[in-house]
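Keep the structure open while you read.

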Amino acid sequence: MLEKINTVQFSSEKSFKKKKNRRRKHVYVEKLQTVKEFSESEWRSPKLTLKEKEKTHFYKSEHWCPNCKRYKIHYVFSDPWRYVMRVRPNMITHTKMVDAVLESEIQILDNYITNLNLRYKINKLVDGFSYRWSYYQDENPRERNPIKNKSLPVLYQQYVDEMI
């Protein structure tokens, strides 16, 4: 159940404190980490992975929403004291090797295409039409239609050979 109600917070400092202005002084206050609260729409949705037995551990509460200017219903976990919040470091240990020269050349080509608005023309040449979805397809569009690869004289010659 902890996996379903657990929340994750990130902080640039080890202390997990946030800056707060109090009477023109910068004071650091601890961030509060709470378990997840479910809104009314999340509670009713079929995507919610909580079982009926787990739903009994929640109670209904109303919070005033200043943006909507009305009360909103939330379902809150009734026993948050059962779980101890833990701080774990999330550090980068491995880095991927990148070829800087190759990446810069790719970026130069990409900038050239976008700055001169050539994406439409490239799609038109390759596909015969320009749709955004065709640019992202995996298979080669030339392989779908064998006629597109051949010139008119070659096609005419094939037609004459079939007629004979």
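A residue is called buried when its relative accessible area is under 20%, exposed when over 50%, and partly exposed in between, using a 1.4 Å probe and protein chains only. This is a predicted model, in which local features need pLDDT of at least 70 and side-chain atom pairs count only at pLDDT 80 or more, while totals for chains, interfaces and linings use all residues. Residues are numbered from 1 along each chain as its sequence is written, and side-chain values use heavy atoms, leaving out hydrogens and water.

Phe58 counts as buried because its relative accessibility is 9%. Phe77 is buried too, because its value is 4%.

How many aromatic pairs does the structure hold? There are six. Rings of Phe, Tyr and Trp (its six-membered ring) pair if their centres lie within 6.5 Å; planes under 30 degrees apart are stacked, over 60 edge-to-face, and the rest tilted. Here are two of the pairs:

| Pair | Type | Centre to centre | Between planes |
|---|---|---|---|
| Phe38 and Trp43 | tilted | 6.3 Å | 50° |
| Phe58 and Phe77 | edge-to-face | 5.5 Å | 65° |

Both Phe38 and Trp43 are buried. Ring pairs join Phe38, Trp43, Phe58, Tyr75 and Phe77 into a cluster.
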